[in-house]
Amino acid sequence: MAGINRRSVIKGGVGAAGGAALAGAAASRATAAESGFRPLEGGTLPSPVSVTADDARYEELVRGINQRWVAQPEAVRLVSSTEQVLQVVQEAASAGKRVSVRSGGHCFADFVYNAQTQVVIDLSTMNRISYDASRRAFCIEAGAQLGQIYETLYRDFGVTLPGGVCPSVGIGGHATGGGFGLLTRQHGLVADYISAVEVVVVDSRRRARTVVACRNASDTNHDLWWAISGGGGGSFGVITRYWFRSPDAAGSDPAAQLPAPPKSVLLSSVAVPWATLSEDQFVRLLNNYTDWYRNNSEPGSDALGLSGIILARQRAGGGMALVTQVDGGLPDAAGFLADYGAEITAGTGITTPFAGRPLAWLTASKLLPISAATSMMDPSLRSAIKTVWTKTGFTDDQLATIYQQLLRTDYSNANSFAQIAGAGGRMNELSRTATATAHRDEVLFAEFEAQWTSPAEDEANLTWLRELYAAVFADTGGYPVPGDRFDGCYVNNPDTDIADPAYNTSGVPWYTLYWGENYPRLQQVKKAYDPTDFFRHAQSVRLPS
């Protein structure tokens, strides 16, 4: 089947990577040496590059991956070090100018590229990756992209982070929003590996400064670390770099400080044309799928080495793809994959066996984003998304609604879809309040997305997406209200409608859907580290009233 685009398969790094690399703090100023950047001869630091409207690069640099959002800032500032970020932030704070920050540019909302932004801070050249022996952690600058991170960590050290599939997502926002991917069941969320983070913040006197916040509960800035570990981008300051280390790591060997990915995996993709799948069979398939993850998602389960995705494209796309990755090191991995396929397809009429292609893990991480079953790699698209975390799965009526909405004949777009991914496992090990990430009771993660080319198609695609989502959650005011079955939405895939009472009639505010009971504490961190609300966007954490 033709694919969707690189933002489609478990990327989880959007409101982050695009509204990205924003967070907050207040303490010691980082030196040029600490940032890894060296002064020019004579002791002066190079100035940030400034791209204005008369520069040929401007049009390219005032938009992200989502072509719906285009800004007209006074300048895009390309920064190469923490010192340069500090300089740009101080200049903007002194002048009272609105800033936004780009890490990878994968934001579904207009958090970076909007009419209010006067200065865009572009972190794309801050992409260094190194091992910090003093912290026994991997130092990764906020502009580094996932593909580069996976390649470097694995090639040089044999380790990885359990992040999303899309290689061009920036770590700046991906990590602070949680960071969900095919290895999350085995190893947890990317945010769970943040050992420390460096942030440029602005105090009550509009003075910019740099602070490092650590996981250690005795750290002065521990609350900021807590907030950044799931609080999303854009609320506290500019994240310039992270240090990543497993919470239970020991010793000083770099290879023991982060999880090792599988040596090899089995990749499987089974195509299911709509013509072969009735509504009842679709419901059965999704119930089987949900049951499998409900029964195989305990943190200590032997089944965490398997992660699957059901990609159900709109009628014009022809059907579905059942994509599965299995750790090749599991005992009888091929048999395990076959048994999984048999269980989730039982009673559906699907007879295609689940046979995996054996690949080295790093090769698979590069193949999956460009696979015909999962990706189209088209950077010219416009898009919108809505998400849900679920603890128990959808009801039969909701599944029937999804089927009906996907097969509507009054709307046609091969690049629109529903995608449901297996979750649980080690992401559920922590309590809901251990970090700002409240989604710790999950079985599945689902997203509904539309992608299109022309502004003239905006209304038709947004209407379809809104109607599908509203119909699925009709009983709870159009949104997945946290409770026994659902658990709100994913901040890394921001939804521009979530705060609009015309679409969210649930009575549950957008911030509760993103952060649950953690929001009041996030507000206190906001007050402590960004008291003037200098860092803000349409869905940033608000100052307490």
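This is a predicted model: local features need pLDDT of at least 70, side-chain atom pairs count only at pLDDT 80 or more; totals for chains, interfaces and linings use all residues.
Leaving aside residues up to four places away in sequence, F244 touches A137, F138, I140, L161, I171, A175, V190, Y193, I194, S195 and L258.

**Stop 1: the cores**

Now widen the selection. Which residues of the largest nonpolar core touch the most other members? They are V89, I121, L161, I171, F244, M320 and F394, out of 127 residues in that core. Nonpolar side chains tend to be buried together in soluble globular proteins. Colour helix α8, residues 279–295, next. Helix α8 supplies seven residues, the largest share of this core. Then select F180, L182, L311 and F445. These four are among the 16 residues of another core, which lies apart from the largest one.

**Stop 2: the seven-stranded sheet**

Switch to cartoon view. Seven strands make an open sheet with antiparallel pairing. Follow them in the order β13-β10-β12-β11-β15-β16-β14. Which strands are at the edges? They are β13 (357–360) and β14 (382–390), each of which pairs on one side only. From one strand to the next, the twist averages 20°.

Zoom in on β11, residues 306–313, and β12, residues 319–327. Seven bridges join these two strands, in the antiparallel sense. Select I310 and look across to β12: L322 stands opposite.

Bring α8 back into view. Helix α8 packs on the sheet and touches β11, β12, β15 (416–422) and β16 (444–452). The direction of α8 makes about 160° with that of β11. Helix α9 lies across β10 (264–273), β11 and β12. Relative to β12, α9 runs at about 145°.

**Stop 3**

Move to β4, residues 119–122. Are its faces covered or open? Both are covered. V119 and I121 are on one side, V120 and D122 on the other, and all of them are buried. Side chains in a regular strand alternate between the two faces of the sheet.

Now show the partners of β4. Strand β2 pairs with β4 in the parallel sense, over four bridges. R77 stands opposite I121 here. Strand β3, residues 99–102, also runs parallel to β4 and is joined to it by four bridges. At that pairing, R102 stands opposite D122.

**Stop 4: W69**

Select W69. You will find it in the loop between α2 (58–61) and β2 (75–78). Is W69 buried or exposed? W69 counts as buried because its relative accessibility is 16%, below the 20% cut-off.

Display its surroundings. Not counting residues up to four places away in sequence, W69 touches V62, R63, G64, C107, F108, A109, D110, Y113 and T496. For a distance check, pick the C-alpha atoms of W69 and A115. The two residues are 46 apart in sequence, and those atoms are 9.5 Å apart in space.

**Stop 5: salt bridges**

The structure holds 25 salt bridges. Begin with K97 and E74, whose closest N and O atoms are 2.7 Å apart. K97 is in the loop between α3 (82–95) and β3, and E74 is in the loop between α2 and β2, so this pair ties together parts that are 23 residues apart in sequence. K97 is partly exposed, with a relative accessible area of 28%. E74 is also classed as partly exposed, at 41%.

Next, select D156 and R155. Their salt bridge has its closest N and O atoms 2.9 Å apart. D156 is partly exposed at 42% relative accessible area. R155 is exposed, at 52%.

Then go to E429 and R426. This salt bridge brings the closest N and O atoms to 3.0 Å apart. E429 counts as partly exposed at 44% relative accessibility, and R426 is partly exposed at 28%.

Definitions and conventions:
Residues are numbered from 1 along each chain as its sequence is written. Side-chain values use heavy atoms; hydrogens and water are left out. Buried means under 20% relative accessible area, exposed over 50%, partly exposed in between (1.4 Å probe, protein chains only). Contact means heavy atoms within 4.5 Å. Two strands pair if DSSP finds at least two bridges between them. A salt bridge is a side-chain nitrogen of Lys or Arg within 4 Å of a carboxyl oxygen of Asp or Glu. A nonpolar core is a set of buried Ala, Val, Leu, Ile, Met, Phe, Trp, Tyr and Cys residues joined through side-chain atoms within 4.5 Å. Axes are lines fitted to C-alpha atoms, for helices over the stretch in contact, and angles run from 0 to 180 degrees between N-to-C directions.
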